[in-house]
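Please open the structure in a viewer and keep the selection panel at hand.

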Amino acid sequence: MSWARYALRRLFQMVPLLWGIITISFVITHALPGDVAAANLGQRAVEEPGIVAAFKQEWGLDRPLVVQYLIYLRNLLSGNLGRSIATRRPVATDLGTFLPATVELATLALLVSLSVGIPLGVLSAVRRGRSADHLARLVSLIGVSAPVFWLGLAGLFLLYFRLRLLPGPGRLSVGAGAPPRFSGLYLLDSLIAGQFGTFCDALAHLVLPALVLGSYSTGLLTRVTRASLLEVLSQDY
């Protein structure tokens with residue numbers, strides 16, 4: 001019973017936290033400099049007051065800020081995320097289209113950081129002061145310090161453009177058909193459909209971005225694992 005009360009208490013504590021996050025994001029969005037109408041309509045259209053007024057009325061930007069906030073909360077509570085100004089499609093549709101690719105890449109990047117960072121940290125601690133330790137610390141330093149966008153460009157230039165070891169950007173090669181949609185994850189959907197060629201193609205396209213995205217976590221895990229293991233190895237037991 002104590003575990004149930006603890007879980008309920010934690011769930012109730014999440015309510016004001018979520019409300020605070022929603023409120024802060026709403027305030028920051030409206031506090032940013034710039035005109036939404038000018039950014040979406042262009043400077044020529046902004047010079048026409050009728051077009052600007054129609055745009056603000058369509059998106060509810062002509063209403064008081066408090067009213068916009070209450071409508072925003074009501075739509076969130078009802079599961080209505082609204083329409084995207086950029087794509088003119090429902091936000092839920094855009095999330096369903098693009099979120100699976102993000103989840104797939106983030107999961108593979110996490111697996112890369114765990115499978116590389118922890119063994120490197122262990123090797124660095126066990127071989128302290130030796131060449132393996134220096135190499136592992138260098139790798140962790142590069143992973144933590146190098147910007148992700150620079151690593152991405154360097155990886156594309158070396159592994160794709162120069163050495164031709166990995167494919168270029170995109171989830172699949174040009175001309176390759178996507179597997180039948182089940183979850184939106186190409187790796188999972190291709191396995192379910194039995195399309196092993198598509199699976200290998202999608203996996204090859206994920207290798208480089210997963211390595212780049214997981215570089216920071218890999219360096220961080222290497223450092224943390226090394227420090228923790230050295231502390232334990234220095235104990236009397």
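**A tour of pockets and rings**

Begin with helix α8, which contributes the most to the lining of the second largest pocket, namely 6 residues. The model on screen is a predicted one.

Next, display the whole of this second largest pocket, whose volume is about 360 Å³. Its lining consists of 18 residues, and those nearest the centre are Ile142, Leu151, Leu211, Val212 and Ser215. Besides α8 (148–162), the elements giving two or more residues to this lining are α6 (91–126), α7 (131–145), α10 (196–213) and α11 (215–233). Colour the lining by class: 13 residues are nonpolar, 5 are polar and none is charged.

Remain on helix α8 and select phenylalanine 157 and phenylalanine 161, which lie 4 residues apart in this helix, about one turn. How are the two rings of this aromatic pair arranged? The rings of phenylalanine 157 and phenylalanine 161 are stacked, with 5.8 Å from centre to centre and 25° between the planes. Phenylalanine 157 has a relative accessibility of 49% and therefore counts as partly exposed. Phenylalanine 161, at 48%, likewise counts as partly exposed.

Now select tyrosine 160 together with arginine 164: the arginine lies over the face of the tyrosine ring, 5.4 Å from the ring centre.

Helices α1 (2–31), α2 (36–41), α4 (49–58) and α5 (65–77) each provide at least two residues of the lining. Which helix supplies the largest share of this lining? That share, 5 residues, comes from α5. By class, the lining of the largest pocket comprises 14 nonpolar, 12 polar and 6 charged residues.

For the last stop, return to the aromatic rings; the whole structure contains 4 aromatic pairs. Select phenylalanine 55 and tryptophan 59, whose ring centres are 6.4 Å apart and whose planes meet at 50°, so this pair is tilted. Are these two residues buried or exposed? Phenylalanine 55 and tryptophan 59 are both buried. Finally, select Phe26, Tyr69 and Tyr72, which together form one aromatic cluster.

Note on methods:
Residues are numbered from 1 along each chain as its sequence is written. This is a predicted model: local features need pLDDT of at least 70, side-chain atom pairs count only at pLDDT 80 or more; totals for chains, interfaces and linings use all residues. Side-chain values use heavy atoms; hydrogens and water are left out. Ala, Val, Leu, Ile, Met, Phe, Trp, Tyr, Cys and Pro count as nonpolar, Asp, Glu, Lys and Arg as charged, and the others, Gly among them, as polar. On a 1 Å grid over the protein atoms alone, a cavity is a set of points where a 1.4 Å probe fits but cannot get out, and a pocket is an open set with protein on both sides within 12 Å along at least five of seven lines; lining residues have an atom within 4 Å of a point. Grid points are joined across faces, edges and corners, and a volume is the space filled by probe spheres set on the points. Rings of Phe, Tyr and Trp (its six-membered ring) pair if their centres lie within 6.5 Å; planes under 30 degrees apart count as stacked, over 60 as edge-to-face and the rest as tilted. Buried means under 20% relative accessible area, exposed over 50%, partly exposed in between (1.4 Å probe, protein chains only). A charge sits over a ring if NZ of Lys or CZ of Arg is within 6 Å of the ring centre and within 35 degrees of the ring normal.
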